[in-house]
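Reader: I have a structure open and would like to go through what sits inside it. Can we start with the packing?
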Amino acid sequence: MPFTTRYRSCAETSPRSRILLSVLVFLAAMPFTHGQGPGDETILILNSYHRGKTFQDNIMNGIEATLLEARPEVRLCFEYMDTNVHKPETMFPDLERLYALKYGNTRIDLIIASDNSALDFLLAHRDELFQAVPIVFCGINGFKDSMIAGQKGITGVVELLDQKSMIELGLRLHPDTRNIVTLSDRTKTATLMREGLHQDFRDLGVDKKIQIVDIVSENIDEIKRRLREFSKDDTILIHASFTRGENGRPLSVETRWGLNRESGIPCYSPYSYSIGFGPVGGHVMDGFLHGETAARMGLQILDGASPESIPIVRVTPTLPKFDHEAMAAAGIRKRDLPPDSVVVNRPRSFYARHKAFVWSVGAGNVLLVLVLSVLTVNILRRRRAERLMAKGKEEWERTFDSVPDLIAILDPDRRILRANRAMANRMKQSPSQCLGGICCQAFHSGLIDPEICPHRQVMADGREHGAEIHDDETGAYFLVTASPLHDAEGRLIGSVHVGRDITERRNLEEQLRQAHKMEAIGQLAGGVAHDFNNLLQVIQGYGELALEESPEDTPVREELEEVMKATRRATSLVRQLLAFSRRQVLELNILDLSEIVGTLTAMIHRIIGEHITLRVRSGLRTAVVQADRGQMEQVLINLCVNARDAMPDGGEIVISTDTVELGGEFCRDHPGIEPGRYAVLSVADTGCGIDPTIRNRIFEPFFTTKSTGRGTGLGLSTVYGIVRQHEGTMDVHSVVGAGTEFRVYFPAAEGRAKPHEPGTDSRPVGGTETILVAEDDETVRGLVERILTQAGYKVLCAGDGEEALRMFDTSGEEIDLALLDIVMPNLSGKAVLDHIRNVRPETRILFASGYSTDTVHTDFLLNEGMRLVQKPYQRDTLLKRIRETLDASVETRMKEDKDEGGRMKAEG
């Protein structure tokens, strides 16, 4: 038990006797006070009053319970000062001497002061008695910061009635209220509380719409008469402070709080101890909660917190507390109360009211059960074994039938002795109908035993065997395993036949093989395109120069034009290969697929012809993606051309856009994408459909079902490459003779779509600046030098990265722009760029390449917003790009070269 010092009220003894009695109590407590062990904590609790005051007793109980729960070893010293019986100014000197005697040699770790007199005493005598000991106060009325001005190490809880919350609660529970009656006596406390209530009425605006009536009287009969003037249906009663009757005599709790019972008017009170004597309830000031709050602040101090760091609680903690009987009389339901409300006086349960009867009946039933148990014990023992056997059989059958694999137990002649539910469903029979059937009927629809039959092999050598079997009727694949079955003597009597459907696994393996094949084709196409682009660049460049120098009416000009046409077709073919192999450098912007469809509708009409109807549908949600506009247009046009070719006699094409959520099941069937929100572009036709035998090959490059000369076989493979490079996927639904639908899914993007701004075809101009050209291909280097020289530029040529650096170090001051190939021997274009930036960062840079290696060579362009012209480029394209780069300021170049995704703009 904690150390406690308590003494009774001294109302009937003289001050000298009280001091003597206190000394005796102190001497009796000496063995407990002294001799504290190391680490023990002692807390002194000063109470201004004596025990017997409900609210103060509850504060003490809250303090004690909270401290002992957190620190069972703590020492608590309670001191009751009796200042409500004797004037504080006469008690303080004696108390000072008493406490000096009792605690002069005791280390006090914390003081908790309850009510004003205790705090006043500590503030007056703290330096003499308890210097530097932290103080937590509670139950303080009329608290002002000036009361503790200049004092350190003090915090606490203020006693301040929350009457506004009580008024608001009463009006919420009684929305038809027209009158609020306050009941009080003529004491000073009652006057102050009544004035406070009226101030709260004004703050809440209640007095403007509800009649406020004050009943100020000590005459009980007069109060009852006044209350009868009001209807209980539109009136609520609030006790201000009604503690004194006629002649100033104190009133009992039952008299003070029971007036509303006779009148039937719902009454609300701010005091916890009044609930149960008449009031309905309210947000009441609870002494236990008050003390608990102060104790928790004290525990923080014992844990090392400074009192100054713990804010004073200026609004007294309240508890929503209600009386069940008063609630029922006022027609208030529990669900109307605030959350976590405490309800007292609930009706006693049937058990509480009839405990003896319940125990009597229970005891009789127990006795009866014991008698019956003795009489039936032999029967239970006999049936127990039967139930266990039946239960085991039932559990085995339930497990046997719940296995999704096809299981059958076969005899040596392949006849089914037992089959689970999956096997029976496969044979389109019930498990009982399967008995005696031949197992191969389930897989081969016949009685002939195939050579690969696992059961036959088990019966031959007694070992486990398996085989993969294809069902021609449904196209499903099964992995069949047969395990030997022996009897108790070890003789082989059959096999356990298990068939597992592996169709989905086979399909996934086929998809993986197809993906690997497509990736290998893409790598090959990309590698060929790198060198082929340089050859096309030379053919196209010199062809353009030759055309310009050829007269209009010469036969050689016609031949050159045919060469240029072939070059353009070859360029388109190479770019289709690069798109398929996902090695294009993309210009990523925020785009609306519906806007792209709308922009290309007129062109698509011309492409598909008048014999085909075109319909466009937009979903309810905007399909916004981060993508390359040109690539998106190519996807749409290629799909429409493919649909057109599937309807030579006419039909209908439906283009639609929407946004969908793709889940885990869809993503498992489409490797490479993650669940989430996707924009979908759909192109559906009513054509001939796709033969299932060739469906897995439609995205392969150069694969086509068209006659010779009618297609390159790169349309759908180009679409596939573009979609995968944009981290999307495709889904194909086709029925032979009924049509095909291609659905293209792209990751949905956030933000607003960038409006499309068509470019101009103005003739590019040259200049007089100096340009450093770094190109490892000699023929391309000579072509570029000739084009730039004819345009007026001064050109310095380098055959690789190292030579470019030497020329820049020699002539860097006069070089205005560096045209760098991305992939060069010795040093790459990235290494040259880094050197130029360190030496002369204002130099303009333009990169050229006909091939993207995804990450190794082009990520720095994508991340830093550098400019690029893609091979094979036309002369005008090169000159225009050079002029734009030279004319742009640093700020303009960075703004133009970076889009919303931080990606590079590519042209060519």
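Author: Contact here means heavy atoms within 4.5 Å. Keep in mind that this is a predicted model.

Reader: OK, which residues is Ile180 in contact with, leaving aside neighbours within four places in sequence?
Author: Ile180 is in contact with Leu171, Phe201, Val206, Ile210, Gln211, Ile212, Val213, Ile236 and Ile238.

Reader: And which residues touch the most other members of the largest nonpolar core?
Author: Ile180 is one of them, along with Ile43, Ile45, Ile63, Leu67 and Ile112. That core has 48 residues. Helix α11, residues 287-302, gives the most to this core, with 6 residues. Another core, of 38 residues, lies apart from it and includes Leu614, Ala679, Leu716 and Ile722.

Reader: Ile722, then. What reaches its backbone oxygen?
Author: The side chain of His726 does, at 2.9 Å. His726 lies in the loop between α24 (715-725) and β23 (729-735).

Reader: Is His726 buried or exposed?
Author: His726 counts as buried, because its relative accessibility is 7% and the cut-off for buried is under 20%.

Reader: New topic. How many aromatic pairs are there?
Author: The count comes to 5. In one of them, the ring centres of Tyr99 and Phe121 are 5.6 Å apart and the planes are at 85°, so the pair is edge-to-face. Tyr99 is in helix α4 and Phe121 in helix α5, 22 residues apart. Both Tyr99 and Phe121 are buried.

Reader: Which residues do ring pairs link into a cluster?
Author: Phe92, Tyr99, Tyr103 and Phe121.

How values were computed: Residues numbered from 1 in each chain as written. Predicted model: local features only at pLDDT ≥ 70, side-chain atom pairs only at ≥ 80, totals over all residues. Heavy atoms only, no water. Core = buried A, V, L, I, M, F, W, Y, C linked by side-chain atoms within 4.5 Å. Buried < 20%, exposed > 50% of the residue type's maximum accessible area, 1.4 Å probe, protein only. Helix = DSSP H or I, 4+ residues; strand = E, 2+ residues; numbered from the N terminus. Polar contact = N/O pair within 3.5 Å; in protein donor to acceptor, adjacent residues only side chain to side chain. Phe/Tyr/Trp six-rings, centres within 6.5 Å; stacked < 30°, edge-to-face > 60°.
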